[in-house]
Amino acid sequence: MEKTINAAAKTPEVIANTITGEISIIGVIIPENPIPFFISLNELIEQCKTDSNSLIINFDLEYFNTGAARYLYEMMKKLKDYPQTTINWHYELDDEDIYESGIEFKELSGLSFNFIVKDQF
Amino acid sequence: MDCENKILLKISLDSEDDYLNFRFVAEKALVELDFRLKKKLLICLTELIQNNIIHNQSSTCQIEVYSSDNQIFIKSKQRLSFENIKNIENKLSLINRMSIPDLEALKRINIIKAVEENRVSPGNGLIICRIKSENKIDLNIINGTKKNNSEEINIFVKTNFNGKDN
C-alpha cells in the first residue's frame, strides 16, 4: 500500500510502500521545527516495519538544516536495532555536501549505507 | 567599495510567507553560480535566517548576498536581544579559532548530545556556516539601533569562489 507525505516549502516528499517496506525521501528538510515532519516519517517507518519484513530507505536530499540533521541521526540510531534495514544514499556527482553528510550519518549511526550517484540526465 | 559590489540577492523577510518563499527566491537568484558554491550559500542562508526565526521573528531580517573582489559574502541583518548577541559573540569567539576538522568533530558531538539530552536544536547553525564557508564569521553591532533590550547586528559570512580561505 502506498502512503505519501506531500512536499512542502520546507519539507520533502515521502513515498512509502508499506508492503515492500521501501521509503523514499526526496527534497529539502529545512523546517524551523522538524518535530512534526519526523513524527510523520517515523510513523511511516513503523508501519513499514510492521507490514514488511524489511526496510529500504532511499534518501534523495538536496540539503537539510542542522535541526533536521539531529532528527535524521536519531531516526537512524533507532534503525540500528532493526537489522533488516537498507539505506540508499543518493547524491549528485558534484554534490560534496550531501555526499559528506551521508558519510557522517553512516559513521554516526553505525548503519551500512549504499552510496548511489544520481543519473546526470 | 560598495559600488564594486555586485548584489546577487537582497531581500527583507517580514512575514511568514517571506520565510516560506525564501528558499525559492534564493535558489532563483543564485542560479548562475557554480553548483557547489550555490549549495553552500543556501545551507548558510538557511541557518542564518532560522536564527532570526527562532530568536526574533517579529523583527525584519535583511539578507544580502553579494560578490566583491572574487569573493561572495552573505550579510544577515537581524535584531536580537542583548543576551542573544552576547551568546553569538561568545560562540563566534570560540568557533573562529577552531580548525575545520575540530569544528566537524564539535558538530557531531553537538548532534549526539542534542539527542541524548532531548533538545530540539543541536546549536550547529553558525558552526555549519563556518565549515561551509571555510572562513571566519564576522559580527558587528549597528550603532544607534538599541531598543528595549535589543540591538541590530550584521553577521557576515565570506566564501571565496573556490571555497578556499585566502
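What follows is a short chat about a predicted model with chains A and B.

Me: What does the secondary structure of chain A come to?

Reply: The model is predicted, and in it chain A has 3 helices and 6 strands.

Me: In what order do the elements run from the N terminus?

Reply: The order in chain A is β-β-β-α-β-α-β-α-β.

Me: How much of chain A counts as buried?

Reply: Of its 121 residues, 52% count as buried. The accessible surface of chain A is about 5,500 Å², and carbon and sulfur atoms hold 50% of that surface.

Me: And what share of the contacts is between residues 24 or more positions apart?

Reply: That share is 62%, taken over the contacts in chain A with a separation of 6 or more.

Me: Charges next. How many positive and negative side chains are in chain A?

Reply: There are 9 positive and 20 negative side chains in chain A. The centres of the two sets are 9 Å apart.

Me: What is the area buried between the two chains?

Reply: Chain A and chain B bury about 2,700 Å² between them, with 56% of that area on carbon and sulfur atoms.

Me: Now single residues. Where does Ile131(B) lie?

Reply: Ile131(B) is in helix H5 of chain B, which covers residues 125–133.

Me: Is Ile131(B) buried or exposed, and why?

Reply: Ile131(B) is buried, because its relative accessible area is 8% and the cut-off for buried is under 20%.

Me: What does Ile131(B) touch, leaving out residues up to four places away in sequence?

Reply: Ile131(B) touches Ile100(B), Leu103(B), Glu104(B) and Lys107(B). Its C-alpha atom is also 8.9 Å from that of Ser99(B), 32 residues apart along the chain.

Me: And Ile39(A), where is that?

Reply: Ile39(A) lies in helix H1 of chain A, residues 35–51. Ile39(A) counts as partly exposed because its relative accessibility is 44%, which falls between 20% and 50%.

Me: How far apart are Ile39(A) and Ala8(A)?

Reply: Ile39(A) and Ala8(A) are 16 Å apart, C-alpha to C-alpha, and 31 residues apart in sequence.

Key. Residues are numbered from 1 along each chain as its sequence is written. Chains are lettered from A and ligands numbered from 1 in the order in which they are written. This is a predicted model: local features need pLDDT of at least 70, side-chain atom pairs count only at pLDDT 80 or more; totals for chains, interfaces and linings use all residues. Side-chain values use heavy atoms; hydrogens and water are left out. Helices (H or I, at least four residues) and strands (E, at least two) are DSSP runs, numbered from the N terminus. Buried means under 20% relative accessible area, exposed over 50%, partly exposed in between (1.4 Å probe, protein chains only). Contact means heavy atoms within 4.5 Å. Accessible areas come from the Shrake-Rupley method with a 1.4 Å probe; for residues, only the protein chains shown count as cover. Lys and Arg count as positive and Asp and Glu as negative; His and the chain ends are not counted. The place of a charge is taken as NZ of Lys, CZ of Arg, CG of Asp or CD of Glu. Buried area is the accessible area (1.4 Å probe) that two parts lose on being put together, summed over both.
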